[in-house]
Amino acid sequence: LGEGEAECIAIGRELGVLIGTDDGKARKYVSNNIGCENLIGSIGVIRQCVRHQIKTAAQAYRGYKKMVSAGAFLPKFSERDFLTLIHQEATQAEARL
C-alpha cells in the first residue's frame with residue numbers, strides 16, 4: 001500500500017468511520033482485515049448521493065462519466081446498467097428500513 005492509502009485506512013479504523021478508496025490493494029486489505037462493511041468507493045459514494053437525493057440518477061451518471069474520462073479506475077457501465085445499479089441500491093436500502 002502507498003502512504004496515502006495506509007494513512008486513510010489507519011484514520012478510518014481509529015475513528016470507526018467508512019474507509020473510502022478505489023485502490024484495489026487497499027480495498028482488499030480493508031475487506032480482509034477490517035470488514036467490507038467499513039469500505040466505500042466512488043460508486044458507493046455516488047449511490048449514496050442518489051439515495052439521499054443530493055444528486056439525481058442522471059446527474060450521478062454524468063459525474064461518473066466525467067470521472068472515467070478523467071482517468072478514474074472505475075468499472076465501466078453503460079448508462080442503462082449504471083442506472084439499474086443505482087436504482088437497485090436504493091430499493092435494497094428501502095427494504096432494510
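**Helix H4 and its surroundings**

The buried residues of H4 are Ala 57, Ala 60, Tyr 61, Tyr 64 and Val 68, where buried means under 20% relative accessible area, exposed over 50% and partly exposed in between, with a 1.4 Å probe and protein chains only. Seen down the axis of H4, these buried residues fall within an arc of 100 degrees, so they line one face of the helix; the arc is that of the directions from the helix axis to the C-beta atoms. On the other side of H4, Lys 66 and Ser 69 are exposed.

Before I go on, please keep in mind that this is a predicted model, in which local features need pLDDT of at least 70 and side-chain atom pairs count only at pLDDT 80 or more, whereas totals for chains, interfaces and linings use all residues. Residues are numbered from 1 along each chain as its sequence is written, and side-chain values use heavy atoms, with hydrogens and water left out.

When I speak of helices (H or I, at least four residues) and strands (E, at least two), I mean DSSP runs, numbered from the N terminus. H4 has 13 residues and reaches 18 Å from its first C-alpha to its last, close to the 18 Å expected at 1.5 Å a residue, the expected span being 1.5 Å times one less than the number of residues. After H4 comes Gly 71, whose phi is positive, near 105 degrees.

Let me turn to the aromatic residues. A search of the whole structure finds five aromatic pairs, and the rings of Tyr 61 and Tyr 64 have their centres 5.8 Å apart and their planes at 35 degrees, so this pair is tilted. The rule is that rings of Phe, Tyr and Trp (its six-membered ring) pair if their centres lie within 6.5 Å, and that planes under 30 degrees apart count as stacked, over 60 as edge-to-face and the rest as tilted. Both tyrosines lie in H4 (residues 57-69), three residues apart, about one turn of the helix. Tyr 61 is buried at a relative accessible area of 11%, and Tyr 64 counts as buried at 1%. Together with Phe 77 and Phe 82, Tyr 61 and Tyr 64 form one aromatic cluster. Leaving aside residues up to four places away in sequence, Tyr 61 touches Phe 77, Ser 78, Glu 79 and Phe 82, with contact meaning heavy atoms within 4.5 Å.

Finally, a few words on Thr 21, which sits in the loop between strand S1 (19-20) and helix H2 (24-33). Thr 21 is buried, with a relative accessible area of 12%, and among the residues that Thr 21 touches, not counting those up to four places away in sequence, are Glu 5, Arg 27 and Ile 40. H2 is followed by Gly 35, whose phi is also positive, near 120 degrees.
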